[in-house]
Number of protein chains: 2
Amino acid sequence: MKAFKKIVICGVGLIGGSFALALRRGGLAEQIVGMGRSRETLERAIALGIIDEAPESWPQALEGASLVLLACPVAQTGKVLEQIAPHLPPTTIVTDAGSTKGDVVEAIYRHLPHHLTHAIPAHPIAGTEHSGPDAAHAHLFDGRRVVLTPLPENSTATARLVSELWRACGASVVEMHPQDHDRIFAAVSHLPHLLAYGLVHDLAKRANAEQLFAFAAGGFRDFTRIAGSHPEMWRDICIANRQPLLAELDQYLSELAYLRSLLLAGKSDLLHKHFSTARDARNNWIAQIEQAQNAAPEEGEG
Amino acid sequence: MKAFKKIVICGVGLIGGSFALALRRGGLAEQIVGMGRSRETLERAIALGIIDEAPESWPQALEGASLVLLACPVAQTGKVLEQIAPHLPPTTIVTDAGSTKGDVVEAIYRHLPHHLTHAIPAHPIAGTEHSGPDAAHAHLFDGRRVVLTPLPENSTATARLVSELWRACGASVVEMHPQDHDRIFAAVSHLPHLLAYGLVHDLAKRANAEQLFAFAAGGFRDFTRIAGSHPEMWRDICIANRQPLLAELDQYLSELAYLRSLLLAGKSDLLHKHFSTARDARNNWIAQIEQAQNAAPEEGEG
């Protein structure tokens, strides 16, 4: 695809920084500039060659911008859109990388009502428990999926361009309704993060925390890996998506109440059945991932 | 250390099989024989060179045995001890590899009351979500910890020999009271397994399970890795250790109730504080593991 003239990335951490590096790898942008709350992070991103410069103000950043990507914690979305709205050139595409989509859709309707053809919410399904520009790398999106939740007002050209850009960054692209997106990710991503933070917190506050951690092994390590994730980012996600997340949490609490009843009554057979069902479902899922990877090496677990 | 003349392993799956392979690696046994419920598994273990033979009966297996290791699912412990009791030579050491210890202590007092000097419960902190003899390997215990929970009646020589044997298999050894063991592992191992099985089961039973799994990514994959574990083994562990496990589950349910209240009320700051505490605790733990590994490469995470 033809290189974009100027791309603005707001938030140059793991996701924003990796997006910039993927753009560079593909020769997809003539100029990449960064914006964000922390001057220190922006300077670091310049030093790492992630962005070319970090303008002092939004009018400077947006002048001649082809595309703006918001890759800041999702609670910032509304504020940033409000700040950019007065200075946004009419043909600049606005998109984001937030893990929640209902709140982004709302913020676009509120703050960019005259820019709806060019504002398209997106969610690249990538990330690790590490954060910041030092964690960024050009291959983060290779084989990953990006979910677009287009607005009815989006122009076809905008949706096509953003799709092409993500594909050129190594990802595959799917479209979805924002509510479906938020329910699905509450279940498979937001809830597990909440559960992992909860378990580590539960142990860390005990008098014998040190002893407990001393005997925690590989299972605990993998189970809690996501509790090493960026607290502000995940606070924002949980708050922004709290209705679907509460529904998922309540569903999970019922599951635990059932397991509790099996333990209490010593229902060995039902416990075995439960664990077997779970084991089989997970093994099937892993087998499907591996099959997909073998069939098409560029397609990852999404 | 001097090689044992004959070692009997009951249950030649991941743990028992790896113990055998570690014995072979270290030249620690002249003969290794296997026992178990499944003839097929025993034949497979012979084919893989894990055991030398699989005797037809306990009297044959125990004849001239220096040591018996029980590495079967923990619900089998009592039955196996009952079977071996009448045929056990007086100097044969009996030990196990079960993930719970209170139940093993009880079973020893019940079934081997005349063999208490030589029966010592143990728990190697090793294992993966894989199971069976094909998953066994000689290095499984390298850098891992083995917890011994000696009985007051154990002879010093027995405790010393079993410690030395595990060290020769690559592990480090710590001693602990069985109740402490069971409380600690309920928290850092048994509860996470229950939670992971529960989450996968919760999603697998939904009408849109396929769609949910299709969007599950690396975080979900690691979080649920342990839900791929052997259902019978974990059923037995959860049942055997159900009092401490219920206490841990209830503690965790309080934690989730607290998190639920923060979400419901949109208490952004407290949620951020909670996640930060958890993240810091986990990062400190990982840093300590890495420091220990750098300081002494043979010491693992235990």
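In the predicted model, β1(B) is joined by four bridges to strand β3 (residues 67-70) of chain B, and the two run parallel; strands pair if DSSP finds at least two bridges between them. Strands (E, at least two residues) and helices (H or I, at least four) are DSSP runs, numbered from the N terminus. Leu69(B) of β3(B) is the bridge partner of Ile9(B). Strand β1 (residues 4-10) of chain B also pairs in the parallel sense with strand β2 (residues 29-35) of chain B, over six bridges. Here Val8(B) has Val33(B) in β2(B) as its bridge partner. Between β1(B) and β2(B) the chain passes through helix α1 (residues 14-25) of chain B in a right-handed β-α-β crossover, that is, with the strands pointing away from the viewer, the path from the first strand over the helix to the second runs clockwise.

Residues are numbered from 1 along each chain as its sequence is written, and chains are lettered from A and ligands numbered from 1 in the order in which they are written. Because the model is predicted, local features need pLDDT of at least 70 and side-chain atom pairs count only at pLDDT 80 or more, while totals for chains, interfaces and linings use all residues.

Chain A contains 12 helices and eight strands. Its C-alpha trace spans about 70 × 40 × 40 Å along the principal axes. An automatic or database domain assignment divides chain A into domain 1 (4-176) and domain 2 (180-266). Their C-alpha centres lie 29 Å apart. The contact (C-beta atoms, placed from the backbone, within 7 Å) takes 14 residues from domain 1 of chain A and 17 residues from domain 2 of chain A.

Conventions:
Contact = placed C-beta atoms within 7 Å.
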